[in-house]
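Please look through the structure shown here before reading the notes. They are written for a student meeting such a model for the first time.

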Amino acid sequence: MTLPDVTDTVSSLRDRVAAWRSAGLGIALVPTMGALHEGHLALARRAREVADRVVVSIFVNPKQFGPAEDFERYPRAEAQDRALLAGLADLVFAPSPARMYPPGFSTTVSVEGPSAGFEGDARPGHFDGMTTVVTKLFLQAAPDIAVFGEKDWQQLQVVRRLVRDLDLPLRILAHPVVRDEHGLALSSRNARLSADELALARRLNVVLAEARDELRRGRPVEEALAAGRRELAELGFGPLDYLALVDGDTIAPLRSLDGEAKARLLVAVRLGPVRLLDNLEVPGPGSGA
Ligand code: AMP
């Protein structure tokens with residue numbers, strides 16, 4: 001299968017996209033930080049289904065990493081990523097940080113609302129960095145559709161808010177979380193887990209599913225969450241950043257499930273060298289789902 005072309009300049013990205021557009025073709029963008037796994041590839045496959053041409057961006061965005069975070073150590077695998085995208089992407093856009101943020105770069109795109117709390121608290125500045133780069137990517141690639149994973153649920157809601165607030169002329173398409181055969185949400189950072197840590201990480205989705213089931217049985221929210229937190233500690237997970245029930249659109253914490261069509265459990269917990277993120281829909285009690 002043909003390898004996708006790779007470009008690191010905005011002008012050649014724009015030239016390619018303009019040529020496709022003048023041929024009447026629809027374009028989808030899949031923003032990633034590379035070190036691609038089956039979760040990313042599922043997004044690219046979805047993009048192929050909904051558009052004629054697919055651009056995958058690979059950019060480890062320094063602005064969305066805190067000073068104590070793993071920007072330098074974040075996995076990078078350019079050649080392997082390109083091979084994995086054969087037949088899935090038409091173009092890989094892989095700019096350098098210096099090209100994205102030339103000297104004197106002074107602009108921040110900041111979204112309030114759904115970026116408050118949770119990842120917003122745990123990673124100060126993270127969402128500003130993310131929304132700034134995503135806005136740039138949207139303006140650079142000018143896609144009709146951008147595909148994001150539900151793995152980063154809060155991020156997805158922040159991006160949806162950004163697109164609505166700024167009337168950006170594209171549609172956001174969400175793809176469900178891609179999991180391994182034990183239910184662990186795939187993540188580029190999982191490669192750092194030891195065998196024991198991996199076995200434990202695979203319990204996280206089980207704890208989430210138990211909390212969901214308890215909530216649907218009518219257990220009070222704080223009780224169900226407290227039981228989940230206790231269980232994570234007892235199983236041997238590291239410090240918990242949050243386990244919470246939120247409105248899936250606004251990310252506002254929920255105190256009860258009554259009448260909530262869009263409740264979502266969010267969790268972030270440390271385990272050895274990584275922070276595991278996951279989330280699960282909690283259908284309302286009467287929904288029959
Ligand atoms: P990242 O490279 O981690 O920034 O992720 C790029 C995109 O892939 C984001 O929209 C993520 O939500 C999505 N993604 C990452 N892992 C998964 C997964 N396991 N399932 C679905 N989407 C994912």
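This is a predicted model: local features need pLDDT of at least 70, side-chain atom pairs count only at pLDDT 80 or more; totals for chains, interfaces and linings use all residues.

Residues are numbered from 1 along each chain as its sequence is written, and side-chain values use heavy atoms, with hydrogens and water left out.

**Ligand site**

- The ligand is surrounded by 17 residues, a residue being near when one of its heavy atoms lies within 4 Å.
- The closest of these residues are His40, Gly149, Asp152, Val178 and Leu186.
- By class, the shell has nine nonpolar, six polar and two charged residues; Ala, Val, Leu, Ile, Met, Phe, Trp, Tyr, Cys and Pro count as nonpolar, Asp, Glu, Lys and Arg as charged, and the others, Gly among them, as polar.
- Strand 2 (27–32), helix 2 (38–50) and strand 5 (145–149) each supply at least two shell residues, and helix 2 gives the largest share, three residues. Helices (H or I, at least four residues) and strands (E, at least two) are DSSP runs, numbered from the N terminus.

**Ligand atom pairs**

- A polar side-chain atom of Asp152 lies 2.7 Å from an oxygen atom of the ligand.
- Polar backbone atoms also take part: one of Met33 is 2.9 Å from a ligand oxygen atom, and one of Leu186 is 2.8 Å from a ligand nitrogen atom.
- On its own the ligand has 490 Å² of accessible area (Shrake-Rupley method, 1.4 Å probe), and the protein covers 92% of this area.

**Domains**

- The domain assignment, which is automatic or from a database, gives domain 1 (5–175) and domain 2 (188–281).
- Their C-alpha centres lie 26 Å apart.
- The contact (heavy atoms within 4.5 Å) takes 22 residues from domain 1 and 18 residues from domain 2.
- About 1,600 Å² is buried between the domains, and carbon and sulfur atoms give 51% of it; buried area is the accessible area (1.4 Å probe) that two parts lose on being put together, summed over both.

**Glu197**

- Glu197 is in helix 8 (residues 195–201).
- Not counting residues up to four places away in sequence, Glu197 touches Arg192, Leu271, Gly272 and Pro273.

Terms used: A polar contact is a pair of N or O atoms within 3.5 Å; within protein, one must be able to donate a hydrogen and the other to accept it, and residues adjacent in sequence count only if both atoms are side-chain atoms.
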